[in-house]
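Dear colleague,

Please find the structure handed over below. My notes on what was found in it follow directly after.

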Amino acid sequence: MKAFLFLPTLIFLTTHLAAQSFMMNPYGCKDARLLNGKWNAIVDLYCRGEAMKMYENRQPKTDTEFVEYSFKNGLRLDVPGDFNSQVPELKYYEGNVWYQRTFEATRTANHHQFLYFAGVSYQAAVWLNGKEIGRHEGGFTPFQFDVTNELLDGTNDLVVLVNNTRRVDGIPAMNFDWWNYGGILRDVFFINRPEIHVRDYKIQLKPGHQDLITGHLQIQGAREPQTVCLQIPELGINESLKTDANGLADFEIKSKPQLWEPTAPKVYATTVAVGSDTVSDEIGFREIKVDGTRILLNGKPVFLKGINFHEEIPQRLGRAYSDADASMIISEVKALGCNFIRTAHYPQNERIVRTAEKLGLMIWEEIPLWQGIEFSNPVILNKAQNMLKEMVYRDKNRAGIIIWSIANETSPSDYRDQVLTDLVKLTHSLDPTRLVGAAFDNVGYNKEAGTFTLKDKLSEAVDVVGVNKYLGWYQPFPMAPEKIRWQVAPQKPLIMTEFGCEALYGVHGSADTAHSWSEDYQENIYQKNYTMFENIPNLVGTSPWVLFDFRSPTRCHPQNQEGWNRKGLVSDKGQRKKAWWVVKKFYDNR
Ligand code: GCB
């Protein structure tokens, strides 16, 4: 009976306690080693592992001793990667999986060592050499631990308990329309840095000024003020700045960078250095703001030609994690003629974000507050704040990110309104240089007036309103598309963040019958939507749902779905459906 004390809900009550509240950039650190590869694994269906102290990775030492688990000679899983796609029996698995590996390290005097996890879904508990170093909740944002005190000279034993059980108080919660991939989904790094090192930096244009680069550099580990150097050689920037008592140096530098934009996504090699520590990055500069109902990029109105996609490679039936995966997805986005993506419904891995930015895509990045969230539960605000911070800390230097989104399709209530307006405020305070948005699905139709409207307090708080509306699928067009009028957030920029319908590649049939599941029907619905969009005065962008067919256990139709959401413009095998060409034409003509 004792085992029941160790149900996952109890295991993970403490969230984020030891994870650090800023995000280093491991991709730019000199001495950062990937711990990717084959890890040993134990599937712990009944959650017995903590009671058995699996984290000790014990070997029998005497003749009478025995240990009822072993990481040796058992299952091996690829990291990064979800476990569901690696072992047939784990396809639907939601529960505990233990991961273990060793790595060699040298304790270096006056240095600090860190473990950085780019994404573990959904909860993680981490032990180094038998000692717990911290826990984290949230499957789509990174976390890191300073492990200097636990590190051994020589071989180190790293154990991670991963649990992807859906939770009533989780974000997302019990129900969502995508596969619940679990595991160490993204890169893991071991990072060695001098005691005095660059902790954080933000380097962006000052809002309202295209010739002023501003931000902060922050140093860790110094008792005295330090000299920290910022170099952007191509701009002739070579600044030495003095940090204050908190290790912070704010700066403002006159410079006129070539501005980042979709047709010329210029980024500059940048380094921040203190003593022997250097972090490198590639940073672009651009201005994004709202002017009435328009979005201005570098002072000029821009139309967002977007697309949604999940962090998934359909043909592999698994999560995307590598540069090759990022190239595959983003090249298909570019082929469609896009300049904008919505990385639905969660921050996707950095390789995708960076690839998109380099290829000139503006990005809507969202935390997974997706429908069905228990807003009345006080832990939700705290968890959402953590996810939001981790997203902003990670991507604050990405010129491609223009909109932080705080939620998708949440129903108004006093609790929800309070939590989400708090999140809007937090986002603005964390990053006043970008826009804040949310996607709404509660747009209503007024029959007498023939008009769509939105009554939702949250829409007043955000800078940009996103609307998800599936006319022709979940709801018929109420009248001829050219007659429909929209008065949704009429004073603000509006993005059609989702629309579309399902179709099976290769199926042809009536263009007027939804249940034909045909490419012809999907094509027709796209055409009708584009006709309707012509009469939305504040429309500044469109982002169809969705680029690829994706896996979702909630899609149960035995012939047409079989666990797939078929709203892709491209099938799970990579074939373009007829609607793909409609979108392409719409974008090519804008
Ligand atoms: C939505 C959701 C998205 C779903 C989509 C659908 O409104 O935001 O996550 O996958 O509809 O296909 O129903």
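**Helix packing**

Asp-323, Ala-326, Ile-329 and Ile-330 of helix α2 meet Arg-351, Ile-352, Thr-355 and Ala-356 of α3, where contact means heavy atoms within 4.5 Å. By class, five residues of this contact are nonpolar, one is polar and two are charged; Ala, Val, Leu, Ile, Met, Phe, Trp, Tyr, Cys and Pro count as nonpolar, Asp, Glu, Lys and Arg as charged, and the others, Gly among them, as polar. The model is a predicted one, in which local features need pLDDT of at least 70 and side-chain atom pairs count only at pLDDT 80 or more, while totals for chains, interfaces and linings use all residues. Residues are numbered from 1 along each chain as its sequence is written, and side-chain values use heavy atoms, with hydrogens and water left out.

Helix α2 covers residues 323-335 and packs against α3 at an angle of about 50°, with the two axes 9 Å apart. Here axes are lines fitted to C-alpha atoms, for helices over the stretch in contact, and angles run from 0 to 180 degrees between N-to-C directions. Helices (H or I, at least four residues) and strands (E, at least two) are DSSP runs, numbered from the N terminus. The two helices α2 and α3 are therefore oblique to each other; angles under 35 degrees count as roughly parallel, over 145 as roughly antiparallel, 65 to 115 as roughly perpendicular and the rest as oblique. The crossing of α2 and α3 is right-handed, which is the term used if the near helix is turned clockwise from the far one by less than a right angle, anticlockwise being left-handed.

A second pair is formed by α4 (residues 379-395) and α5 (residues 414-430), whose axes lie 10 Å apart at an angle of about 25°. These helices, α4 and α5, are therefore roughly parallel, and their crossing is right-handed. On the α4 side the contact involves Leu-381, Ala-384, Gln-385, Leu-388, Lys-389 and Val-392, and on the α5 side Val-419, Asp-422, Leu-423, Leu-426, Thr-427 and Leu-430. Eight of the residues in the contact of α4 with α5 are nonpolar, two are polar and two are charged.

The contact draws on Glu-519, Asp-520, Gln-522, Glu-523, Tyr-526, Gln-527 and Tyr-530 from α7, and on Lys-578, Ala-579, Val-582, Val-583 and Phe-586 from α8. Its classes are six nonpolar, two polar and four charged residues. The crossing of α7 and α8 is right-handed.

The structure holds five cavities of 30 Å³ or more. On a 1 Å grid over the protein atoms alone, a cavity is a set of points where a 1.4 Å probe fits but cannot get out, and a pocket is an open set with protein on both sides within 12 Å along at least five of seven lines; lining residues have an atom within 4 Å of a point. Grid points are joined across faces, edges and corners, and a volume is the space filled by probe spheres set on the points.

The largest cavity contains about 150 Å³ of space. Its lining has 19 residues, with Met-23, Met-24, Asn-25, Tyr-201 and Arg-394 nearest the centre. Two or more lining residues come from each of β13 (197-205), β19 (277-283), α3 (350-358) and α4, and the largest share, four residues, belongs to β13. The lining of the largest cavity has eight nonpolar, two polar and nine charged residues.

The largest pocket contains about 350 Å³ of space. Of its 22 lining residues, Gln-371, Glu-409, Tyr-470, Tyr-474 and Glu-498 lie nearest the centre. By class, the lining of the largest pocket has six nonpolar, nine polar and seven charged residues.

**Backbone features**

Gln-371, which is among the residues nearest the centre of the largest pocket, has a positive phi, near 35°, although this residue is not glycine. Gln-371 is placed in the loop between β27 (362-366) and α4. The peptide bond from Ile-171 to Pro-172 is cis, with omega near 0°, and Pro-172 sits in the loop between β10 (154-163) and β11 (183-184).

Kind regards
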